[in-house]
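The stops below each begin with a selection.

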Amino acid sequence: MMKIGLKQAAVVMFAVVACWVKAQDKFPLAPPDTSTPKQTYESYIAAVTQANNELGIVYRDLSNVTESQRYLIDSSFERASMTFDLSQVSASSQNRVAIESVMLLKEVLDRVPPFDTSTIPNNTDVERWTVPSTSIDIVKQPSGQYQFSSETVEHLHSFYRLVSHLPSNIQASPDYYEYYSLSAGRLIPPPWFAVIDAMPEQMMIEFGDQAMWQWVALILLVFVLACYAYWVYQKIEHVLLKPVLMALGLFVFDWTADYQLNLTGTLMTTLNMIGELMFWPLIAQAAIYWGRRVVAG
């Protein structure tokens, strides 16, 4: 009886420990292990593989996406993005660049000559490790953690363009970045994208890193913003309201281009930059007008 009791207790204890470890692995607040180049590389691969597997399921049936699927995809991309040094990316572009970097790097790595991952340094003695046959670096940060370098992040789009024509080392692996960049929304297309998807195939032809439908939509969006600006400055008489309404219009324009049309790469970075250069002077102008009203009583 004692032996059976001990055996049962051991089984129960093993199950409890296994469940605890599994829960720890999936706990959303747990950061990826970036203590060595090898741990950073493996943490990235594990997170992006989980994200792509879930995206593959979602993309097959966009009409039945559950909240748990959205959460799993978002958390996986968040963990993967934490292996990148995004310190040189502006705050307004950081979320988009993080997603693009995660997807771009996976597509590039799937096309580089296979190498023995056991050769990746698993210690803290090195300052930099470079993926063989590439310029993709994992660099030791001032914090002591290892991340894919800011230079790697900056050049991922050009790396992708150079290897995208090559076959993937993973059989039957779709190019998730291509689908993402030519569709709407962030990661998971919104319901209205079904209208675009039903259009002629020519609308999905890529030109300048964007789909034709995205260029058409951007032109329409610029036209709407121009009409809105004309209305604000020609029809609104209140001096204080003009910069406030124009700043609001620029915010909506930028949000629509980024989160709905899903413009990517240099184009969206440029739009973000132009938007900020126009947005903050308008806010400052509104503040000046408000200050003058307060002083004047």
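Buried, as used here, means under 20% relative accessible area, exposed means over 50%, and partly exposed lies in between (1.4 Å probe, protein chains only). This is a predicted model, in which local features need pLDDT of at least 70 and side-chain atom pairs count only at pLDDT 80 or more, while totals for chains, interfaces and linings use all residues. Residues are numbered from 1 along each chain as its sequence is written, and side-chain values use heavy atoms, with hydrogens and water left out.

**Whole chain**

Select the protein chain: 10 helices and 5 strands are present. Helices (H or I, at least four residues) and strands (E, at least two) are DSSP runs, numbered from the N terminus. Of its 297 residues, 41% count as buried. With contact meaning heavy atoms within 4.5 Å, residues 24 or more positions apart make up 66% of the contacts with a separation of 6 or more.

**Aromatic rings**

Select Tyr 44 and Phe 84. Rings of Phe, Tyr and Trp (its six-membered ring) pair if their centres lie within 6.5 Å; planes under 30 degrees apart count as stacked, over 60 as edge-to-face and the rest as tilted. The structure holds 16 such pairs. In the pair of Tyr 44 and Phe 84, the centres are 5.7 Å apart and the planes make an angle of 85°, an edge-to-face arrangement. Tyr 44 belongs to helix H2 (residues 37–60) and Phe 84 to the loop between helix H3 (67–81) and helix H4 (94–109), so the pair ties together parts 40 residues apart in sequence. Tyr 44 counts as buried because its relative accessibility is 0%; Phe 84, at 3%, counts as buried too.

Next, select Tyr 41, Phe 115 and Trp 129, which ring pairs link into a cluster.

**Helix H4**

Select H4: 14 of its 16 residues are buried. From first C-alpha to last, H4 reaches 22 Å, close to the 22 Å expected at 1.5 Å a residue; the expected span is 1.5 Å times one less than the number of residues.

Select strand S1 (residues 128–130) and strand S2 (residues 137–140), which run antiparallel and are joined by 3 bridges. Two strands pair if DSSP finds at least two bridges between them. Thr 130 has Asp 137 in S2 as its bridge partner. The hairpin of S1 and S2 has 6 residues between the strands, and Ser 133 takes a positive phi near 70° there.

Ile 138 has Phe 148 in S3 as its bridge partner. In the hairpin of S2 and S3, with 5 residues between the strands, Gly 144 takes a positive phi near 95°.

Select Met 204, in the loop between helix H7 (193–197) and strand S4 (206–207). Is Met 204 buried, exposed or partly exposed? At 27% relative accessibility, Met 204 counts as partly exposed. Leaving aside neighbours within four places in sequence, Met 204 is in contact with Leu 182, Phe 193, Ala 211 and Trp 213.

Trp 213 is one of the buried residues of H8, which also include Leu 218, Leu 221 and Leu 225. Finish by selecting helix H8 (residues 212–235). The buried residues of H8 pack against helix H6 (176–182), H7, strand S5 (210–211), helix H9 (241–260) and helix H10 (265–296).
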